[in-house]
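The following note was prepared for a colleague who asked for comments on the model.

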Amino acid sequence: DKVLQDLIEDNIAAGRIKAAEQLEEYQNSEMTNSVVGRNNGIFAAIANTISSGQLYILIFSGIHSITHSTRIASAIVVFFTLLLFVLFWIFIRNTYSAVLRRAFLESRLYETFPVAHFMHLKLVHRWIRASLTMLLKTVLLTLWSLTIVGGVIKYFSYFLVSYIVAENPDIKPMEAITLSRRMMDGHKMECFKMELSFIGWYLLGIITFSVSDVVWALPYRVATHTEFYTEVRAEAIEKNIENAELLNDKYLYEYAEESLLRQTYKDIEEQKRFIDENRVTLPPVRAFIAKNFGLWVGSLEEKKMYDEVDNRRQQIVNDRAVIKWKIYPQRLNPLWDDKNNLIVKGIRSIRTYTLWSIVLIFFSFCFVGWIWEVGLHLVADGVFVNRGVMHGPWLPIYGGGVVMIIVLLARWRNKPLTEVVLIVLLCGALEYFSSLILELTKGMRWWDYTGYFLNLNGRICGEGLLVFALGGMAAVYLLVPALDTMWSKVKPRIISAICVVLLLLFSADLVYSSFVPNTGEGITDYTAYEEIQTGQNSIE
């Protein structure tokens, strides 16, 4: 590969030029202004990025920006950005495989899968061990892949590791690898044929730019793999292979006796008495605001009791569903500890938020959005760019989007499917009209999705809406409740002081940026947009 050769010879500039030329050649046949354009974005760019050599450029640029940058600040940001990406991959992205399989294992027997169960690894205090096990699997598989044939064989040998971790995250990393090898003895060819049966779905995913994967193929494949694991697991236990006793979560595969469930969840009546004795009745206006917008207006002491009563009410609903065999009985899990109920309460999404909490939520996601976009630009181009229309380290569209979701969609929070559809519509409208208003008032664009898959006037695109959907659901059901629980432990006067300072700084930046907006190369995409428009006019 000529691009790789240039990089090895420390000629990054030449490699960048060749990769850009190759990428342009791949894209020349694409309509840049088409709604289904494929010359930008994640869905369209993966194959082009690898085949053109751009992947090598991205990796080398990130490394080069640290080792040769003359700006200490940029080097520090690059380092922490890369570190953040690595940690995210190890502890979130790579572990997601086990989390997803845990969801399918529970769902094959029980009709309801509570959102809190996505945190099962956290609830049993085994998230780090599970992550290290999945990391070891990836490292070993990568090393074996260098031998090509060995990589294929080990792919099927390690096929069950994520399911083993999902069932028993307490298992040691090497034990999980070894157990998977033993369980797959005599089943590799069967697994190979099963994978071949999905070829049509893989091809359809390529044709539909992964849309069919998201809608149908991926859940179908994982469900099939889950049934495969269930059968192989039963055989391993029957044959009593070494360490088969580590597959010990029996209630993933059979219902518990009703008497055992009632005995384990006998505190339901006690919870009901607590609710009756401590019920908080709100005036009509405050009740309306709390129910429809999820906002609390009143004293914090009263809120604590209101939230506690609400938590117990939700717990009773879940516990009754468990007794009726509709939800997996977490209290019967071998790793369960009653203290885990505090964690469940901490991430419960049906709650009210104070105005101070809303302010902190806004600034938290503004800052995270800024770090994300600055970090992506640093890794991709090796250049620090202060992204956003404002000058401070915040992108209001991220914080504003999350706050709008939390407040405007509060009443649908107990209906996840409805919530995700409304998140896409709300965030799509927010991004579209933000782009339109900025262009009309400032005469330029700060982002342009022209050429991205399923874009609308270059203001929103399909992959952006997908990110909004996934990120919005994570924020509503996990991140924001966890942050709110953390902040509730801080003294109110400290929280209010922090909020006031942040609001003053933000207001000053907002006023200044209205007269002197943050613009420049890498910040606005207006130049590229003008070139496209000029090209269209010349064609017409």
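This is a predicted model: local features need pLDDT of at least 70, side-chain atom pairs count only at pLDDT 80 or more; totals for chains, interfaces and linings use all residues.

1. The largest nonpolar core. This core comprises 42 residues, of which Leu160, Ile164, Met183, Phe228 and Tyr229 touch the most other members. The elements that give two or more residues to the core are α6 (96-107), α10 (161-167), α11 (173-184), α12 (188-196), α14, α16 (268-278) and α18 (300-323). Beyond its neighbours within four places in sequence, leucine 160 is in contact with Ser180, Met183, Met184, Phe228, Tyr229 and Val232.

2. The second core. A separate core of 29 residues is also present, and its members include Ile358, Ile405, Cys427 and Ile495. Ile495 belongs to the buried residues of α24, together with Ser496, Cys499, Phe506, Asp509 and Ser513. Helix α24 itself runs over residues 492-515, 24 residues in total. From first C-alpha to last it reaches 35 Å, close to the 34 Å expected at 1.5 Å a residue.

3. The nonpolar surface patch. Val211, Val214, Val215, Trp216, Tyr220, Leu466 and Leu470 make up a nonpolar patch on the surface, and together they have about 670 Å² of accessible area. The largest share, five residues, comes from α14. Tyrosine 220 lies in that helix; its relative accessible area is 34%, so the residue is classed as partly exposed.

4. Aspartate 249. This residue is found in the loop between α14 and α15 (258-264). With a relative accessible area of 1%, aspartate 249 is buried, because the cut-off for that class is under 20%. Its contacts, leaving aside neighbours within four places in sequence, are Arg102, Glu167, Arg233, Tyr328, Asn333 and Pro334.

5. A salt bridge within one helix. The structure holds 24 salt bridges. One of them joins glutamate 301 to lysine 304, with the closest N and O atoms 3.8 Å apart. The two residues are three places apart in helix α18, so about one helical turn separates them. An α-helix has 3.6 residues a turn, and residues three or four places apart therefore point the same way. Glutamate 301 counts as exposed at 58% relative accessibility, and lysine 304 counts as exposed at 53%.

6. A buried bridge between distant parts of the chain. The side chains of arginine 351 and aspartate 484 meet in a salt bridge, at 2.9 Å from N to O. Arginine 351 sits in the loop between α19 (340-346) and α20 (355-381), whereas aspartate 484 is in helix α23, and the two are 133 residues apart. Both partners are buried.

7. Glutamate 439 and arginine 459 form a salt bridge whose closest N and O atoms are 3.1 Å apart. Glutamate 439 is in helix α22 (residues 416-442) and arginine 459 in the loop between α22 and α23, so that the pair, 20 residues apart, links distant parts of the chain. At 15% relative accessibility glutamate 439 counts as buried, as does arginine 459 at 8%.

Notes: Residues are numbered from 1 along each chain as its sequence is written. Side-chain values use heavy atoms; hydrogens and water are left out. Patches are made of residues with over 30% relative accessible area and no salt bridge: like charges are joined within 9 Å, nonpolar side chains (Val, Leu, Ile, Met, Phe, Trp, Tyr) within 5 Å. Accessible areas come from the Shrake-Rupley method with a 1.4 Å probe; for residues, only the protein chains shown count as cover. A salt bridge is a side-chain nitrogen of Lys or Arg within 4 Å of a carboxyl oxygen of Asp or Glu. Helices (H or I, at least four residues) and strands (E, at least two) are DSSP runs, numbered from the N terminus. Buried means under 20% relative accessible area, exposed over 50%, partly exposed in between (1.4 Å probe, protein chains only). The expected span of a helix is 1.5 Å times one less than its number of residues. A nonpolar core is a set of buried Ala, Val, Leu, Ile, Met, Phe, Trp, Tyr and Cys residues joined through side-chain atoms within 4.5 Å. Contact means heavy atoms within 4.5 Å.
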